[in-house]
Amino acid sequence: MNIALEINGTTEHLDVAPGVTLLDALRERLGVTGPKKGCDRGQCGACTVHIGGRTALSCLTLAATVTQPVTTVEGLSTPERLHPMQRAFAEHDALQCGFCTPGQIMSAVAAADRGLAEPDEIREFMSGNLCRCSAYPTIVAAVRDGASEEGRADATV
Amino acid sequence: MRQFDITAPTTIDDAVDGRHTFLAGGTTLVDLMKLDVLTPPRVADINALPLRGIGADEGGHSDNGNAGHGLRIGALERMSDVAEHPDVPPAVRRALTLSASQQLRNMATIGGNLLQRTRCGYFRDTTMPCNKRTPGSGCSALGGNNRGHAVLGTSDHCVATHASDLAVALVALDAEVRLVGSDGARTTPLADFYRTPGDTPEIETGLRDGELTTDVVVPHPERAAHSTYVKVRDRQSYEFALCSVAASLDVRDGVVVDARIAAGGVGTIPWRLPGVEAALRGEPATESAFAAAAEVATHGATPLTHNGFKVPLLRRTLVRALLELAEGSTR
């Protein structure tokens, strides 16, 4: 079936089978490999993207059902200019292997957009993003820092 | 995933043709299709249907006489939106907030949540016998790992728990569910909607072929203003309940006037506890009275090899929920 997806501001036209997930469409058809295939069962959060501005699991989303704009980690920044949350993750060393990081960043940006600052709030909001290297303490620190930096960046626009 | 056809009906009449499996948030259906547990040949993406909105009930598709006295929640509302809506009673908001993860709450709908399938590992594993998935094949949990399974409402054929937190809160608050099928609309109490397994564990609800959940109605939400949901689980977040209790308590002059209580994680369906409610009425709102009433909750419980801990856990969770409400009581 023919579908149109708005990915990081660009409209993409694809011919997909009904069972193709948004994650597979992104990775295998469009070369958008930021979202990772961890469990492929909606349990690990490595595939987290924003759909219509909200975090969602692209592995449990059928591409044919997507009607709202999709943002992946690629849509947050350019190679020259990282998103404040990406800088915060780097500065806090909030990762080890990095496989979960694109999904962590997408949830972290959504957490910052909601103004979450308390560690408990951040942990609850981010509990659907597993980190098997268990970098959780630095992830929480990065989200707090990235959120305040994001706020400052917005204020200067 | 096996091949299937997909359509996207824009009217309810088109959706309820009896030929399609409904796809809303997809968090249960797509997962179980990937596992080959569900293999529907035809799927209808119902997200374009006009089944949204949270607000005063105006009768919906069938007037049950409660119009204007209930809070209506459209079946396609997302869990995260309902969790944050100020008109939704605290027990329901808290049950939703303590469910799943933020991503899943953003995706999953109220209608889909009520119809989610059990998390029993044997149901999800097509290489294992399971009477719910393949009637007559046997129950692997009876002699297998059954730590997470039910102690109430079980049968020799199935001991799987119902996984929804939301349903527990809604059953406690006497919520109704509205349904539309090709024969028209009807309303049923949610508590009557669910079926214990008996010898037909594959039948989980009273849903008829092709029927679609359109709305959930919480009658007299003001009576649930003093309500809560307590969930006990192996992790602090993103985990199903080992045991949970939804309760609404009305205390006047230190005496329980009314209580509505249901438990989750311990039953094959969301488990209303009318015996406990009756035992509480007229009693002082004290820990000792709550503990005495909680004894009634586990009458008839049938623990399995690994889940005997759920019997005292249910009583303690119940007391904790009631104490929380009694301590927060303003009257």
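Reply: The account below begins with a sheet in chain B, goes on to a helix and the domains of that chain, and ends with chain A.

The model is predicted. The part to look at closely is an open sheet in chain B, made of four strands in the order E9-E10-E11-E12. The pairing is antiparallel. Which strands stand at the edges of this sheet? They are E9(B), residues 227–232, and E12(B), residues 271–272. Each of these has a single partner strand, so one side of each has no neighbour in the sheet.

The pairs can be taken in the order of the sheet. E9(B) and E10(B) run antiparallel and are joined by six bridges. E10(B) covers residues 243–252. Eight of the 10 residues of E10(B) are buried, so this strand is mostly covered.

The next pair is E10(B) and E11(B), where nine bridges hold the antiparallel pairing. Here B:Val251 is set opposite B:Val256 of E11(B). These two strands form a hairpin with two residues between them. In that hairpin, B:Asp253 has a positive phi near 50°.

The last pair is E11(B), residues 255–264, with E12(B). Two bridges join them, again in the antiparallel sense. To locate this pairing, look for B:Ala263, which faces B:Trp271 in E12(B).

A helix also belongs in this picture. H7(B), residues 165–172, lies across E9, E10, E11 and E12 of chain B. Relative to E11(B), H7(B) runs at about 150°.

Chain B is divided into domain 1 (5–45), domain 2 (54–116 + 161–222) and domain 3 (225–327). The C-alpha centres of domain 2 and domain 3 of chain B are 21 Å apart. In contact across this boundary are 26 residues of domain 2 of chain B and 23 residues of domain 3 of chain B. On the domain 2 side, the elements that give two or more residues are H4(B), residues 90–97, and H7(B). H7(B) gives the largest share of that side, six residues. By class, the domain 2 side has 16 nonpolar, five polar and five charged residues.

Chain A comes next. The contact between the chains takes in 22 residues of chain A and 21 residues of chain B. Two elements of chain A give two or more residues to the side that touches chain B: E4(A), residues 54–57, and H4(A), residues 119–125. E4(A) makes the largest contribution there, with four residues. The side of chain A that touches chain B has eight nonpolar, 10 polar and four charged residues.

Chain A is itself assigned domain 1 (2–75) and domain 2 (77–156). Their C-alpha centres lie 21 Å apart. The contact between them involves 14 residues of domain 1 of chain A and 11 residues of domain 2 of chain A. E3(A), residues 48–51, and E4(A) each supply at least two residues of the domain 1 side. Three residues from E3(A) form the largest share of that side. The domain 1 side divides into six nonpolar, six polar and two charged residues.

One is A:Thr72, in the loop between E5(A), residues 70–71, and H2(A), residues 84–91. A:Thr72 counts as buried because it has 25 C-beta neighbours inside 10 Å, and the cut-off is 20 or more. Leaving out residues up to four places away in sequence, A:Thr72 touches A:Asn8, A:Leu26, A:Val32, A:Gly34, A:Pro35 and A:Val49. From A:Thr72 to A:Asn129, 57 residues apart along the chain, the C-alpha separation is 15 Å.

The other is H3(A), residues 101–113. This helix of 13 residues reaches 18 Å from its first C-alpha to its last, close to the 18 Å expected at 1.5 Å a residue. Because 12 of its 13 residues are buried, H3(A) is largely enclosed by the rest of the structure. Among the buried ones are A:Pro102, A:Ile105, A:Met106 and A:Val109. Just after H3(A), A:Gly115 has a positive phi of about 75°.

Note on methods:
Residues numbered from 1 in each chain as written. Chains lettered and ligands numbered in written order. Predicted model: local features only at pLDDT ≥ 70, side-chain atom pairs only at ≥ 80, totals over all residues. Contact = placed C-beta atoms within 7 Å. Nonpolar A, V, L, I, M, F, W, Y, C, P; charged D, E, K, R; others polar. Pairing = 2+ DSSP bridges. Axes fitted to C-alpha atoms, helices over the stretch in contact; angles between N-to-C directions. Domains from an automatic or database assignment. Expected span 1.5 Å × (residues − 1).
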